[in-house]
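This report describes selected helices of one protein model. Please keep the sequence and the structure in view while reading.

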Amino acid sequence: MSAPSETVRIAIAGASSLRGKELKLLIEESDFPAGEIRLLDEELAAGILTEAGGEPAVIEKVDQDSFERVRFAFFAGSPAFSMRHVAEARREGATVIDLSGGTPEGSDAMLWIPALDSILPSLKAGPVRGEPRSFFVAPSAPADASISLSAALAPLGLERLVLTFFQPASERGRAAIDELESQVVKLLTFEPIPQVVYDAQVGFNMLSRYGEQSQEKLAAARAGIVGEVKAYLTGRSLMPAIALVQAPVFHSHAFTAYAEFKMVVALESITASMETAGLKVAAADDPPPTNVTVAGESRPVLGRPERDTEIETGVWLWGAADNLRVPAANALAIAEKLLAS
């Protein structure tokens with residue numbers, strides 16, 4: 001995209017969150033014409049000194065003037081925070097781009113992955129003549145990977161797609177990262193472990209559900225991913241089956257995918273289709289992606305497809321996606337598309 005000559009004012013609501021920090025960093029690294037970046041957050045985070053565009057900046061709490069003359073309001077904090085303040089931003093005329101997972105059910109928000117526009121154009125994503133759009137959603141990294149794989153493989157005669165995602169601690173914020181780190185240390189020294197966030201042992205462990213006292217539920221996180229994928233794909237591509245497991249890792253979703261086709265498909269065709277969908281595929285002589293190697297990648301990354309040894313039309317895929325960078329990059333791509341339109 002060629003950058004517009006005019007700069008725009010933006011707001012990052014949830015600026016102290018991991019996603020908010022990633023988005024701010026990405027905007028500063030890009031050519032996006034942000035003339036001013038307002039950093040907003042919960043009252044507890046207000047007053048934190050940080051920087052924006054190389055200049056000192058203070059995170060502010062949301063008030064009646066926070067979204068005044070803001071062109072894009074990115075919501076990157078907690079879902080509850082987003083649900084409280086999205087309406088305020090829209091009333092002030094800001095275009096809202098949500099990457100918090102806090103989009104209210106039944107809202108007019110439109111999910112959009114611009115990287116897929118050439119093969120799966122969203123019927124509701126882009127601006128429509130005579131009908132301005134002002135509320136967009138950048139899907140989570142697992143939803144993005146699921147949607148992109150289905151869109152990429154459907155033209156090849158896809159009959160079944162099953163994905164299992166391994167969720168990192170950072171998906172639940174700084175407190176979850178600290179708890180996993182503390183659990184690992186204390187388990188090695190045979191001390192009692194903290195279980196405030198998960199109400200369960202995550203260190204050196206895999207979980208299909210959290211403890212009863214956990215404020216968030218893994219099943220709810222899975223339902224959120226499934227909801228995003230269903231909203232994007234219904235009537236346009238095959239709906240995959242999706243499972244979610246909590247893993248003892250700090251960053252990035254690793255995932256495994258099984259695809260079954262109506263007939264045998266050349267592995268080279270699968271690779272080419274995934275690349276057309278904007279997915280990055282490792283070179284034949286490169287190692288498969290890992291949680292570590294995908295850090296900073298704007299799109300999900302996959303290894304080379306491998307045939308199932310017993311099912312002739314079955315293919316296995318291994319991938320990973322930076323859970324902070326992927327939605328942040330997608331949110332920025334939405335804003336760039338809107339500016340260019």
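## Terms and basis

A residue is called buried when its relative accessible area is under 20%, exposed when over 50%, and partly exposed in between (1.4 Å probe, protein chains only). Helices (H or I, at least four residues) and strands (E, at least two) are DSSP runs, numbered from the N terminus.

The model is predicted: local features need pLDDT of at least 70, side-chain atom pairs count only at pLDDT 80 or more, and totals for chains, interfaces and linings use all residues. Residues are numbered from 1 along each chain as its sequence is written, and side-chain values use heavy atoms, with hydrogens and water left out.

## Helix α6

In helix α6 (residues 267-276), the buried residues are I270, T271, S273 and M274. They line one face of the helix, because they fall within an arc of 165° seen down the axis of α6; the arc is that of the directions from the helix axis to the C-beta atoms. Just after α6, G278 has a positive phi of about 85°.

## Helices α1 and α7

The axes of α1 (residues 18-29) and α7 (residues 325-340) come within 9 Å and cross at roughly 50°. α1 passes α7 in a right-handed crossing, meaning that the near helix is turned clockwise from the far one by less than a right angle.

## Residue D178

D178 lies in helix α4 (residues 174-188). D178 counts as partly exposed because its relative accessibility is 38%. D178 and V197 are 19 residues apart in sequence, and their C-alpha atoms are 9.6 Å apart in space.

How values were computed. Axes fitted to C-alpha atoms, helices over the stretch in contact; angles between N-to-C directions.
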